[in-house]
Amino acid sequence: MTVPVSPGDFASHSRLAAGEVPFAIEELFFSRTDGRGIIKGGNEVFQRVSGYPFEELIDAPHRIVRHPDMPKGVFHLLWARLKRNLPTGAYVKNLCKDGRHYWVYALVSPIEGGYLSIRLKPSNLLRPKIEQIYATMLEEENAGATPEQSSERLLDLLRDAGFSRYDAFQARAIGLESEARNAATDRLVDHRLQRFMAMSDAIREVETESEGMMRAFEAIRTIPLNMRILASRLESAGGPISAISVNYGSMSDEMAAWVRDFVTGDNSAFARIQGAILNGLFLHGVSQLTDEMAAIYRNEENRNDAVDPELEVATLEALKRHYAEQGAAELKQIELEAGRLSRSVLDMKRHITGLSSTRMMCKIESATLSKSGETLVGIVDQLDSSQDGIEERLARITELNHLVQANTSMLRAGMGRV
């Protein structure tokens, strides 16, 4: 039975009750829809929390639980990703039959013939920030922003919150929510999750260090120019300094281009390794929760007769296997990209060695000059400071990449074991 929901329905709901519906952090629930978003399956917790009898849920549009506080831009982004066959996680405020509400972190997956959404109770780690973001989006939508504009605004607001793209946000969210849930329920530590989270933290720091290197190279671009100005004042004695400035400028420009190519662009080395790590983290979280959801559903007693429990369990288990296989593929990709990064860092270190040689030549030249040498000493000091900073950042990137490689090796060694 299809049950439409109108603003008038919500108004009558609001008169009945207000507040948030409680449910336990260890509880999970799911719903399955066809390709049009019509509910075809679900579990007892979904029915209980939403407050609808099963007969009103089955064959109803999933928007029956959509809350008017939810910005349209969130669903625009969600559907855009699902149409690209991308599983997506999102914080959602849902509406109960009696007008109350409940918050979930929803993991929505494309499946054969439709979609499946697993929901967990969110912690307070990210939800307060998300509520602020949604309030901003809703205000702008009420002022005339389209769903598409609102979804772009969501990405901008997430970037302001420190997430370079939506994949980074949803991976971080599932990691934090899974850790909080495990801690609250005294579960065994999920070492695989910990390793993925460690790699996620590492790659965020690699991005910070790489951006710092870009700024450092930008800062030293004036040094070769200053050296050429000094050389022109020294006339014939400035020939060696002029040659050194050209050599240093060429090498520093080449290294700056390497860093720029590494860290910028959707197909950069950084984007590839970051994408693989974030996908691996997200897929691990979804796989674990899907497996747990299947186990919970098997033990539920109050099932709807209109739903085939064997079909629901089979769907959940197939989805879990699918994500486990995808996660294994992402681990291979992480391993491949980390190896490429190691080779790139070695190339960078060789360039740094060349810069060090040029810096030493500057010191030698400064010793042969009289008063003009004092100016060159100041330039050498600039080179020392800038290059030391670059070398420190490069060493940290090497250290972080080793951490990624070590965790990847342990994860691959432990594949197939819980």
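Predicted model: local features only at pLDDT ≥ 70, side-chain atom pairs only at ≥ 80, totals over all residues.
How many bridges join strand E1 to strand E5, and which way do the two strands run? Hi everyone, let's begin there. There are seven bridges between E1, residues 28–34, and E5, residues 114–120, and the two strands run antiparallel.

E1 and E5 belong to an open sheet of five strands, in the order E2-E1-E5-E4-E3, with antiparallel pairing. Which strands stand at the edges? They are E2, residues 39–42, and E3, residues 88–95. Each has a single partner strand, so one side of each has no neighbour in the sheet. From one strand to the next, the twist averages 30 degrees.

If you follow along on the structure, Gly 89 stands opposite Leu 107 in E4, and Ala 90 has Ala 106 of E4 as its bridge partner. E3 and E4 make a hairpin with five residues between the strands, where Gly 99 takes a positive phi near 95 degrees.

The next step takes us from E4 to E5. Seven bridges join this pair, which is again antiparallel. Here Pro 110 stands opposite Tyr 115 in E5. E4 and E5 also form a hairpin, this one with two residues between the strands. In its turn, Gly 113 has a positive phi of about 85 degrees.

So is E3 mostly covered or mostly open? It is mostly covered, as eight of its eight residues are buried. In a regular strand the side chains alternate between the two faces of the sheet. With that in mind, look at both faces of E3. On one side Thr 88, Ala 90, Val 92 and Asn 94 are buried, and on the other Gly 89, Tyr 91, Lys 93 and Leu 95 are buried too.

Eleven of its eleven residues are buried, so E4 is largely enclosed by the rest of the structure. Both of its faces are covered, with buried residues including His 101, Trp 103 and Tyr 105 on one side and Tyr 102, Val 104 and Ala 106 on the other.

Here is a contact across the sequence. Leu 316 sits in helix H12, and it counts as buried because its relative accessibility is 0%. Leu 316 and Leu 116 are 200 residues apart in sequence, yet their C-alpha atoms are 8.6 Å apart in space.

On to the second largest pocket, which holds about 710 Å³ of space. Which of its 34 lining residues are closest to the centre? Those are Arg 81, Asn 85, Leu 86, Pro 87 and Pro 110. Elements that give two or more residues to the lining include E1, E4, helix H4 (72–83) and helix H12 (309–368). H12 gives the most, with eight residues. Sorted by class, the lining has 14 nonpolar, ten polar and ten charged residues. It also draws at least three residues from each of domain 1 (17–188) and domain 2 (191–416).

Asn 85, from our pocket list, lies in the loop between H4 and E3. Is Asn 85 buried or exposed? Its relative accessible area is 55%, and the cut-off for exposed is over 50%, so Asn 85 is exposed. Its phi is near 65 degrees, a positive value in a residue other than glycine. Asp 186 is found in the loop between H7 and helix H8 (191–219). It has a positive phi of about 55 degrees, although it is not a glycine. With a relative accessible area of 71%, Asp 186 is exposed as well.

Terms used. Residues numbered from 1 in each chain as written. Heavy atoms only, no water. Pairing = 2+ DSSP bridges. Helix = DSSP H or I, 4+ residues; strand = E, 2+ residues; numbered from the N terminus. Axes fitted to C-alpha atoms, helices over the stretch in contact; angles between N-to-C directions. 1 Å grid on protein atoms, 1.4 Å probe; cavity = no way out; pocket = protein on both sides within 12 Å on 5 of 7 lines; lining within 4 Å. Points joined across faces, edges and corners; volume = space filled by probe spheres on them. Nonpolar A, V, L, I, M, F, W, Y, C, P; charged D, E, K, R; others polar. Domains from an automatic or database assignment. Buried < 20%, exposed > 50% of the residue type's maximum accessible area, 1.4 Å probe, protein only.
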